[in-house]
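Here is a friendly briefing on charge pairs and helix packing. Take a look at the model first, then read on.

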Amino acid sequence: MTITLKLNSAAGDAFARRSLSDISLSVAKCKRIVVVTGAGISCSCGIPDFRSSDGLYALVKQQYPDVVLKGRDLFDASLFRDATSTAVFYTFISQLKQSIDSATPTPTHRFLKTLDSKKKLLRSYTQNIDGLEARAGLIGSSSQEVKIGGKGGSKIKAKDVRNVQLHGDIHRVRCVSCSAEYPCTHDHMRMFDQGSPPDCPECLSRSEARLARSARPIKVGTLRPAIVLYDEPHPLGDDIGSIQSMDLGRKPDMLIIMGTSLKVHGLKKLVKEFARAVHASAPSPSSSTSKVKSKPWAGKVIFVNRTPPGTEWSDIIDYHVAGETDPWVTKVIEDWRKYRPADWEIQQTLVAADGDVSMSGGFKAVKEIVPSANKNGKGKADVRKKKPLRNENRPPTSLNMLLSPDIVFTKISRGAIPPLSPSKRRRAVSQTSIDMEGSPSKKHATSDMSGVLEDSERKLLFAESTNHILGTLGEKRCSISQCRMWRL
């Protein structure tokens, strides 16, 4: 049985207020949410819906009173059979795209992106052709980023698709003959506004190539908006079916339906299949397993729309939130921040900005990601850890290390080598100590320190009296050895 909750009267209704808070908490706790949206989520940005009194179908009747066309006929595949209805369709689509281009994503579109960034959105399915989900940050099934080139069964990369466009994209055009797709440009829109379709560049080039080799030319197709009409197969139907089957197998725990009247047959079937999968994850009262009892928030089907659903949905939809989608998603975000503030905390890594290693410099949040190539040659992001330097904390073992750093590195960098930074200086010193511990030949070569310091410079390390005493002891030892030789 569907429970209706009026969003505007929730302040004075304790049951509605408590139920809406529970729904918000369920959204915050669920991890595999499927969202199905319609034209109602774009009404607040100036794009009219289809079936309301001020929707697109009513505007068509006002603009073309002499043409006997119902609103549904403008989106039926049979309109291409008549030249007049085709011209009306192109003009109508041109004006619709102009209103879409001036629109911006609504709070509902940004709510979908929030679910995706919080790793809670399993997938979004939309009937809309405006592409506002892509502007909010969700990659759509019509995007070039998910296209797979070459011959093969699949045309898109299912894992990269975050928003499945069930009715296509108005921002692209498709050839009626060769099915080549192009972005919709201002030149295309100017011809559509006049009621005539532009020619396909792919068909033109192929036809000209055949004429150049004295072959028979082929028919040049025309471009049409890349949207899916009624009684028309979807060009990506097989891929969308595979994505749906994949999502059903991943056991979604919540279904949110927003801004649609649930009148299209294909969408009704999709919603019923997802609702059945969501209810399967709901906790059963007779179940005794602790795993199911620990998730009382799972298994809800939420319908957010101004008009109530039909009677056929009474056993499928659990809650009907009567109202606009933007106020509801705003309330969900507020309750989410209130009940689970830890979900909105962001942990950042602070490093010195602009290479400043002093504590006085500003800090910025970064994450060191280095692209690396795999076996297939495709670049992937790889996070590398800094390796510790060997012998970094070992005591100095040579006379060069007893000297001041200025003296040592002045002799090393006599050429055009610029002075080293402190970090590289430590690394060079450590490498010098490693080399001196190598083979005996290297030890003998490095033990000859003649010419490193002048006599005047040695006084910096040893007092003059000390040098005099050492010299006197050496002379005495030499005289003793000579006396022994004379005795022999």
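Predicted model: local features only at pLDDT ≥ 70, side-chain atom pairs only at ≥ 80, totals over all residues.

Residues are numbered from 1 along each chain as its sequence is written, and side-chain values use heavy atoms, leaving out hydrogens and water.

**Salt bridges**

- The structure holds 13 salt bridges, each being a side-chain nitrogen of Lys or Arg within 4 Å of a carboxyl oxygen of Asp or Glu.
- The side chains of Arg123 and Asp247 form one of them, at 2.9 Å from N to O. This pair links distant parts of the chain, with Arg123 in strand E3 (residues 121-126) and Asp247 in helix H8 (residues 237-249), 124 residues apart.
- Helices (H or I, at least four residues) and strands (E, at least two) are DSSP runs, numbered from the N terminus.
- Arg162 and Asp116 also meet in a salt bridge, at 2.9 Å from N to O. Here the partners are 46 residues apart: Asp116 lies in helix H4 (residues 107-117), and Arg162 in the loop between helix H5 (132-136) and strand E4 (163-165).
- Both Arg162 and Asp116 are buried.
- In the bridge between Lys268 and Glu312, the closest N and O atoms are 3.3 Å apart. Lys268 belongs to helix H9 (residues 265-280), whereas Glu312 sits in the loop between strand E9 (300-305) and strand E10 (319-322).
- Salt bridges with shared partners join Lys113, Asp116 and Arg162 into one network.

**Helix H9**

- Lys268 is among the buried residues of H9, which also include Leu267, Leu270, Val271 and Phe274.
- The cover over the buried residues of H9 includes E3, H8 and E9, along with strand E2 (33-37) and strand E8 (254-258), where contact means heavy atoms within 4.5 Å.

**H1 against H11**

- The axes of helix H1 (residues 14-29) and helix H11 (residues 325-339) come within 9 Å and cross at roughly 70°. Axes are lines fitted to C-alpha atoms, for helices over the stretch in contact, and angles run from 0 to 180 degrees between N-to-C directions.
- H1 and H11 are therefore roughly perpendicular to each other, a term for angles of 65 to 115 degrees.
- Residues of H1 including Leu20, Ile23 and Val27 meet residues of H11, among them Trp328, Val332 and Trp336.

Terms used. Buried < 20%, exposed > 50% of the residue type's maximum accessible area, 1.4 Å probe, protein only. Parallel < 35°, antiparallel > 145°, perpendicular 65-115°, else oblique.
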